[in-house]
Amino acid sequence: MKIKSVTDLVAKKKVGLQKILPGKPRIAVGLATCGIAVGGDRVYERLKEIIDKDRLDITLTKVGCIGYCKEEPLVNITIPGKPLVILHKVDESDAEEIIRSVQNGGVPYDRALCQVPAWDHVTGCVMDYGKGFDRIPLYDNIPFFQHQKKVILRDAGLINPEDIDEYIAIGGYFSAIKALTGMDPDSIIEEVEKSGLRGRGGAGFPTGLKWRITRDVKADKKYIICNADEGDPGAYMNRNEMESDPHMLIEGMIIGAFAMGAAEGLIYIRAEYPLAIKRLTLAIEQAREYGLLGKDIFSTGFLFDIRIATGAGAFVCGESTALVASIEGRTGRPHPRPPRLTDIGGGLFGYPTDLNNVETWCNIPVIISNGSGWYATIGARGNTGTKVFSLVGKVDRVGLVEVPLGTTLSTIVSDIGNGGANNRKVKAVQTGGPSGGCIPFRLFDTPVDFESLNKAGSIMGSGGIVVMDEDTDMVDIARYFINFATGESCGKCVPCREGLKHALLLLNRIMAKKGTKQDLETLALLSDTIVATSLCGLGQTAPNPVLTTLAYFRDEYDALVKP
Amino acid sequence: MDEKTLDIIISRYEAPAGRLLGIMGEIQNQEGYIPRETLEILSVKLEVPLSQLYGLATFYSFFSLKPVGDHVITVCMGTACHVKGAVKILKALEEMLGIKSEASEDGKFSITTEDKKFTLEIARCFGACSMAPVLRVDGNLYGYATPENLPGILAEYGWERHEN
Ligand SMILES: Cc1cc2nc3c(=O)[nH]c(=O)nc-3n(C[C@H](O)[C@H](O)[C@H](O)COP(=O)(O)O)c2cc1C
Ligand code: FES
């Protein structure tokens, strides 16, 4: 059935709500890549076996990941009239006990992490589960969740990402219909501009402005692209966004395509994410079936479709011009800008193209549903909205964390992450991946926003936060990143290709305790030169890990070199 | 890869965007590498110079031109895995498989044991960083790897300790 009107959408919403609250117990297993890897799929299979064998009146389903990776596998239970309960560290041997408890109207208490009496899906739907289970702590009182604000991850781990009806149930695609039938392209772009949204791919470019530039170019054809290359090692926000709530991304792209006048959209996704590719492919098919992609969407005459293009393992292909070359079937080597992607002759196959990161697109539906005014109250001035970070490395509570921009590093690492793992002392964090830098513990009152991180010598990047503790050797970290960048340099420009190689040789010598003080000076000078003269963002930022460790952890270098 | 299979793959990519990498990715996934003959046939069918296809096969680390062993072990060398001891995991695997790692001419890291049972590779990040260090064997991810639990994991794939 094609959805043509709000009435059609409301009818689907009812179908979806019936799936989320089926009037009987529902067990949902967290099955994103991380949940599967720690045995979530075995839990699911075992539960299914028991339910099928005894033909029990229990709904079993899959959901994505709520982000508390340390506690996985996670399982949610909803019993009519009772709060949703999140179970943690579940394994297949718990399956029988879970089923037995559920049949008796309860949950296995010793596996219960917390309870959710009601959940705000932000896009106009508050799911009222119910009350009870007083012994189980509230979601809002769990330290890992307490300081978070879920806007992008509002559905993650709660709805089935492989079922479009559940997305519609929580208010999905209502923003798309509002935008396409009730707003004109200009007013959509104005809303995005007023929201203050800045690109989540790393550079923080104002999204509304990029959209306006793309819209204003005169051309017979335009493309929009979603950058799902997620190249920074240690970052997996985009993976979870796509695996847990793929329709959120598709809805954002539909609205963007309409605003910019594009008929074709592409999602460029890295080959390392097979499950995200699978779920996106399925979501696109479902959206087509409902008429949300294809011809004459919502009877407006608007045509738009999305195709997936896979990457093949090259970090530099996250860079805009290299990404376009890669989709066109060429080696991913950047070219100087201008021409920019938005220029005639600069984008995909020469057509003006808008490129945005996964999470940038994911922000669009809430901006349209709740308005730019609401959005702009979240976060800090000039840095509105929330950002998802992957908090990993030597931190106690690893996972995906969503906080308003402007939240301090110490809130993220100490309050949410509970400091170092195994009671070790945290020494620094590394943000921004290979283009970022290391920020020492004494600067943890730095608010996490685009400008403050730059001032500290690092960058926001896509949202990876890798925690280092007292046992981490900072010179080794610098060497690690330079080695990474050397391997990933496309080889086109000399400063990046040769400069990084020599920086690596110097670092190797220093680490082998054969370096001198002079080598440190050379390393700093070489780094500055690479920053100043490289062709693309890869080379221009690659020395950041060296420069920041030289600035903040000079003693570790000094201890290795001869005078 | 026989021509019929290749034709089916090609037929799935009618639009030019993402076509070449998509097709080559599927060949890589099915065969474990990209055979030279397949690349030659592909070049004729798509009317794309072989040199361009060869350029792609060597530029992108996902593609391999050499056959791989029965099981492919990929160790994540991403940042989270690095700080949690990925190097130790790699060294332990080398020792277990009796091979020594070195980058090949095209800068790619891939070594196969003499009996062609295992191939050892590295990756940048699987996006499973919360369970660092992580390794993948034939598409299955294993988190919280330690040198001690590696033998148990590899045993699932027919690995046995050889005295040498
Ligand atoms: C070397 C390099 C790698 C990059 N990798 C990514 C990436 O993996 N994902 C991403 O969204 N942006 C990446 N970017 C940034 C993109 O070029 C681009 O700025 C971004 O996708 C624009 O989207 P936004 O405005 O929504 O942030 C990278 C840039 C450089 C220079
Ligand atoms: S750093 Fe190893 S999985 Fe991400």
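Analyst: A salt bridge is a side-chain nitrogen of Lys or Arg within 4 Å of a carboxyl oxygen of Asp or Glu. In this predicted model, A:Glu272 and B:Arg124 form such a pair, with 3.7 Å between their closest N and O atoms. Between chain A and chain B the count is two salt bridges. The rule for polar contacts finds 15 residue pairs across this interface, both residues being at pLDDT 80 or more.

At least two residues each are supplied by α2 (33–37), β9 (264–269), β11 (302–310), α13 (320–327), β15 (386–393), β19 (464–469) and α17 (474–488) of chain A. The largest share, six residues, belongs to α17(A). By residue class, the side of chain A that touches chain B holds 30 nonpolar, eleven polar and nine charged residues.

The extent of the interface can be given in two ways. As contacts, 50 residues of chain A meet 33 residues of chain B. As area, the two chains bury about 3,300 Å² between them, and 63% of this lies on carbon and sulfur atoms.

Two of the contributing strands, β15(A) and β19(A), run parallel and are joined by four bridges. Within this pairing, A:Leu391 stands opposite A:Ile465 of β19(A). Both strands belong to an open, mixed sheet of five strands in chain A, in the order β16-β15-β19-β17-β18. Its edge strands are β16 (399–404) and β18 (437–440) of chain A. Helix α10 (residues 237–244) of chain A lies across β15, β16 and β19 of chain A, at about 115° to β15(A).

Note on methods. Residues are numbered from 1 along each chain as its sequence is written. Chains are lettered from A and ligands numbered from 1 in the order in which they are written. This is a predicted model: local features need pLDDT of at least 70, side-chain atom pairs count only at pLDDT 80 or more; totals for chains, interfaces and linings use all residues. Side-chain values use heavy atoms; hydrogens and water are left out. Contact means heavy atoms within 4.5 Å. Buried area is the accessible area (1.4 Å probe) that two parts lose on being put together, summed over both. A polar contact is a pair of N or O atoms within 3.5 Å; within protein, one must be able to donate a hydrogen and the other to accept it, and residues adjacent in sequence count only if both atoms are side-chain atoms. Ala, Val, Leu, Ile, Met, Phe, Trp, Tyr, Cys and Pro count as nonpolar, Asp, Glu, Lys and Arg as charged, and the others, Gly among them, as polar. Two strands pair if DSSP finds at least two bridges between them. Axes are lines fitted to C-alpha atoms, for helices over the stretch in contact, and angles run from 0 to 180 degrees between N-to-C directions.
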